[in-house]
Amino acid sequence: MSAVVSALPAGRAPRLQLSSDDVVRRGLMLVIALYLVLALAAPLYVLLSKSMSTYRFDLNAFEIQRSDDSGTAFGPARTVAALNADAKAITDAELDTGSDGRLSLTKLYEDFSFRSPVKYRIRGTTNDAAFLVGSDLKRGTDWVEVDSNTFRRVVLRPGRSVGFDNFVAYFSTPSLAQAIWNSVLMGAISTVLVIAIAFGLAYALNRSRMRFKGLFRLVMTVPILVPSLLPGIALVYLFGNQGLLKGWMMGHSIYGPIGIVIGSVFFTLPHALLIISTSLSVADARHYEAAAALRASKWRTFWTVTVPGARYGVISAAFVVFTMVITDFGLPKVIGGQYNMLAVDIYKQVIGQQNFEMGAVVSVLLIIPAIAAFFVDRIIQKKQVALLSARSVPYEPKPNPGFDWGCFAYCTLIAAFILTMIGVCQLAAMVKFWPYDLTPSLKNFRFDLMDGGGWASYYNSIEMALLTAVFGTIIVFTGAYMVEKSDGFRAGRSLFQFLAMLPMAVPGMVLGLAYIFFFNNPANPLHALYGSMAILVICTITHFYTVSHLTALTALKQMDREFEPVAASLKQPFHKLFFRVTLPVCLPAILDISIYLFVNAMTTVSAVVFLYSTQTQLASVAVLNMDDAGDVAPAAAMGMMIFYTNIAARLIHAAVSRVLLSRTQVWRGR
Amino acid sequence: MKFRPASVLAALAVTFVASTAIAETNLTVYTAIEAVDLDRYKATFEKAYPDIKINWVRDSTGVMTAKLLAEKDNPQADVVWGLAATSLLLLKSEGMLEPYAPAGVDKLDKRFVDSANPPSWTGMDAYVAAICFNTVEAKKLGIAAPKSWKDLTKPEYKGHVVMPNPNSSGTGFLDVSAWLQMFGEKDAWAFMDGLHQNISAYTHSGSKPCKMAGAGETVIGISFEFPGAKAKAAGAPIDIIFPEEGSGWEAEATAIVAGTANLEAAKKLVDFSVSKEANEMYNQGYAVLAYPGIAKPVEHLPANVADRMIKNDFEWAANNRKAVLAEWAKRYDAKSEPKS
């Protein structure tokens with residue numbers, strides 16, 4: 001027998017056959033991965049290469065001839081480099097410049113006088129060498145003859161090269177390097193404050209028996225519904241030189257670090273509260289019983305049981321807040337005064353000075369702490385162990401009137417702070433001319449008379465937010481489904497997962513600037529998207545991709561992986577399973593993703609501020625531009641319009657959820 | 001009457017042919033003029049040239065300049081109508097403008113026309129540096145109105161002056177370049193050193209200091225005359241002061257973008273932009289016009305604004321811009337906190 005077997009030819013190696021389902025799934029995953037590459041990885045790569053693109057005067061690229069006093073007999077042609085070797089007039093440091101650099105030549109000639117009859121001829125030695133006579137651009141190797149007076153007006157233009165010079169230039173400018181320190185300092189102070197306040201709130205909401213918990217939870221989410229510029233505007237009205245509560249500042253100016261910190265606390269608080277509250281909401285009562293049995297004081301129990309249980313949430317929240325503060329641009333723009341921060345620096349470099357290369361440099365710098373925070377957070381998350389096991393007994397706080405009323409007072413204080421900030425904006429938006437004419441008026445809502453795009457920008461914002469919510473939810477959920485429910489193809493899936501997590505670490509401004517470089521390149525076939533509504537939608541979806549992706553993943557993980565094999569054994573195609581089972585089960589998460597995308601699309605400024613066009617101005621950008629132009633009250637009015645729209649969206653979301661969930665989620669109750 | 005489909009078709013065909021015969025040209029026009037003026041300028045032009053339609057693309061001066069530069073290798077605009085002359089010089093030095101001498105250019109004030117022949121840009125009107133002074137707040141604090149730029153360095157104004165940051169605002173640069181041209185380099189920097197001691201904030205936009213003065217957020221806002229007049233009309237208690245040394249100014253100007261597919265229509269627009277009719281149109285907001293002798297006084301502004309303008313060398317400003325801004329940033333940007 002064995003002889004017969006050995007005589008048989010070797011068979012085909014056994015291999016798992018790809019079913020048509022698998023092919024479709026991998027195809028879909030590839031499509032969404034391609035989307036992430038085009039909308040994220042490629043623009044970031046172009047941004048990085050732009051930050052390395054430098055400009056330098058190449059003195060060997062120009063030649064000059066000089067005549068004698070007759071103005072007719074010219075001496076030999078010499079390169080500018082050779083002339084400078086003699087005159088030593090231009091130092092090496094002067095040669096490094098930006099895209100708009102200009103180098104004057106008169107200092108090459110010690111005896112230069114603009115009245116002299118001497119004439120000059122100048123030309124490039126290559127076809128690319130460029131120089132200006134006055135403001136006329138000359139290029140190439142033809143001689144250009146000028147008299148002495150005109151030679152004053154001849155300046156060289158720099159050539160392009162690649163290197164780290166931009167970074168060197170950035171760090172050697174003290175005011176710019178200061179921005180890094182300022183950003184880190186503001187981030188650190190705000191983080192400490194927000195975490196302390198949010199921990200107190202989360203503790204009160206989860207570990208006390210105070211009343212109106214639901215109402216407080218609702219009020220605490222209000223800051224999510226407004227652009228980060230709005231707290232800045234509110235602070236101007238509260239504590240500015242004409243502020244209602246100016247006396248509270250005790251002579252200090254709100255414009256600067258104080259304003260940045262207070263505003264940052266306002267707009268990051270809901271995010272920190274959400275994360276910490278989640279980690280405090282679960283607790284094992286047996287730990288507290290053990291602590292009580294060991295006669296530990298309340299204080300000691302707090303530090304040995306409560307805090308360690310919540311520490312991962314606290315650390316995670318700290319990184320989220322820190323990243324948000326250093327990458328936010330709206331708030332320091334409005335209230336920062338002269339306090340220079342990295343995110344504002346990008347705006348100043350790009351919009352103020354058209355220095356795109358330096359903008360790219362600052363972007364790269366801004367990405368570093370954000371990515372570092374992101375990875376540290378990931379490592380810490382991995383260490384997190386489940387707090388709840390099957391034998392845990394849920395902790396129930398006992399009534400304690402003194403403590404409960406303390407919590408109530410604390411929550412009321414924070415809620416009052418949030419509502420005052422919103423209220424003062426509403427007030428300022430409704431009066432005629434703050435602070436000199438306080439008669440009620442709707443004049444500030446006549447946006448068409450101001451810079452910023454008028455009412456059209458408001459409707460554009462709603463359109464953009466709706467498109468983002470619809471397409472974003474489809475893309476994100478499909479991507480998450482393919483990652484979670486596909487078998488095999490491990491490398492592809494982990495690469496996809498990495499791409500999906502990356503947007504969390506990329507600040508909005510950086511993404512926006514990267515989009516300019518990538519899409520506004522005529523050689524790019526996607527160039528047509530530039531300036532369209534589509535690019536705003538793509539940018540916003542990408543910017544808020546990670547949180548949506550994680551929400552979808554969490555919902556999908558709740559579903560047993562047995563569903564797919566069962567469907568396959570019943571010979572049901574996966575799309576049938578997807579639409580009949582997966583989608584209805586995950587409906588709550590899908591609705592959450594879409595409202596998350598809608599609200600953020602309404603309020604985002606940083607990602608879209610470089611990308612909007614005249615036809616696609618947005619309400620959030622209008623707030624920025626109106627404030628910029630000094631029309632602060634209309635800016636507040638537009639901010640309030642965004643706020644009301646988001647409230648309406650939330651209400652619709654709640655109503656739709658209730659109807660749909662009563663139909664699809666009955667099984668959860670069983 | 002009997003219905004005849006053939007005749008209806010024929011009529012339709014005639015209408016169609018007629019409508020294509022006067023096919024209109026669409027011009028993409030980049031601009032930084034005030035949002036409220038867009039419709040008025042468009043309507044006036046299209047009345048004069050019914051076969052040309054304007055599609056506005058509008059943004060602030062800085063953003064518009066950045067956009068044009070970013071599109072250097074693939075320009076989207078046909079014409080730029082209403083952008084700072086300094087910005088247009090920047091575009092000219094990139095070879096982005098099509099030189100053209102519009103009909104009637106010789107009637108314009110020479111200061112408002114590019115020095116090259118044919119000119120690459122032609123001016124419309126000017127905005128002039130001015131100080132907005134809040135009289136109500138000044139009275140409360142007991143400080144007197146400044147008369148000159150040099151007055152602003154007096155200790156009594158400490159913490160009460162706001163000006164635009166030249167690194168992010170064209171108006172801010174206009175002020176700095178004017179001081180450098182008026183006082184000479186050494187004195188100008190000494191003046192700015194003194195002024196810096198009194199500044200409470202450098203803003204990002206040029207009109208904001210004046211609006212801040214109007215709202216009492218500051219007493220003195222270094223800005224230009226246009227937002228001052230507007231704020232005053234809205235009820236702000238301010239005086240608009242033109243310092244006695246003279247004021248820097250910037251021309252709003254027009255240019256054809258090189259490579260436009262609609263050169264003929266673009267030329268017509270530029271012809272119109274320098275016409276007397278167009279200048280009268282600019283006069284509704286701007287007191288100083290490129291077309292001499294026709295300007296009527298603007299409400300809340302003195303009649304002689306044009307006399308306050310210094311001799312401004314746009315070319316010098318454009319070619320020294322980078323060096324001046326770098327020096328300014330080195331001296332004053334490092335101030336990290338407003339001194340209170």
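Where in chain B is the place of Pro118(B)? Pro118(B) sits in a loop of chain B, between strand E4 (97–98) and strand E5 (122–134). The model is predicted, and in it the peptide bond that runs from Asn117(B) to Pro118(B) is cis, with an omega near -5°.

Chain A also has a cis peptide bond, between Trp434(A) and Pro435(A), where omega is about -5°. Pro435(A) belongs to the loop that links strand E12 (431–433) of chain A to strand E13 (437–440) of chain A.

The backbone can next be followed at two residues with positive phi. In chain A, Lys88(A) is a residue other than glycine, yet its phi is positive, near 50°. Lys88(A) is in the loop between helix H3 (80–87) and helix H4 (92–95) of chain A. Is Lys88(A) exposed or buried? A residue with 12 or fewer other C-beta atoms within 10 Å is taken as exposed; Lys88(A) has 8 C-beta neighbours inside 10 Å and therefore counts as exposed.

In chain B, His300(B) is not a glycine either, and its phi is positive at about 70°. The loop that holds His300(B) lies between strand E11 (288–289) and helix H12 (314–333) of chain B. Because 16 other C-beta atoms lie within 10 Å of His300(B), this residue is partly exposed.

On the scale of the whole chain, the domain assignment of chain A gives domain 1 (55–162), domain 2 (177–386 + 401–429) and domain 3 (444–669). Between domain 1 of chain A and domain 3 of chain A, the C-alpha centres are 54 Å apart.

A pair of helices in chain A shows how two elements pack. Helix H19 (residues 508–519) and helix H20 (residues 533–543) of chain A have axes that come within 11 Å of each other and cross at roughly 140°. Angles over 145 degrees would count as roughly antiparallel; H19(A) and H20(A) are therefore oblique to each other. Their crossing is right-handed.

Which residues of H19(A) meet H20(A)? From H19(A) come Gly508(A), Leu511(A), Gly512(A), Tyr515(A) and Phe519(A), and they meet Ile535(A), Cys539(A), Thr542(A) and His543(A) of H20(A). By type, the residues of this contact between H19(A) and H20(A) are five nonpolar and four polar, with no charged residue.

Methods
Residues are numbered from 1 along each chain as its sequence is written. Chains are lettered from A and ligands numbered from 1 in the order in which they are written. This is a predicted model: local features need pLDDT of at least 70, side-chain atom pairs count only at pLDDT 80 or more; totals for chains, interfaces and linings use all residues. Axes are lines fitted to C-alpha atoms, for helices over the stretch in contact, and angles run from 0 to 180 degrees between N-to-C directions. Helices (H or I, at least four residues) and strands (E, at least two) are DSSP runs, numbered from the N terminus. Angles under 35 degrees count as roughly parallel, over 145 as roughly antiparallel, 65 to 115 as roughly perpendicular and the rest as oblique. A crossing is left-handed if the near helix is turned anticlockwise from the far one by less than a right angle, and right-handed if clockwise. Two residues are in contact if their C-beta atoms, placed from the backbone, lie within 7 Å. Ala, Val, Leu, Ile, Met, Phe, Trp, Tyr, Cys and Pro count as nonpolar, Asp, Glu, Lys and Arg as charged, and the others, Gly among them, as polar. Domain bounds come from an automatic or database domain assignment. A residue is buried if 20 or more other C-beta atoms lie within 10 Å of its own, exposed if 12 or fewer, and partly exposed in between; C-beta atoms are placed from the backbone.
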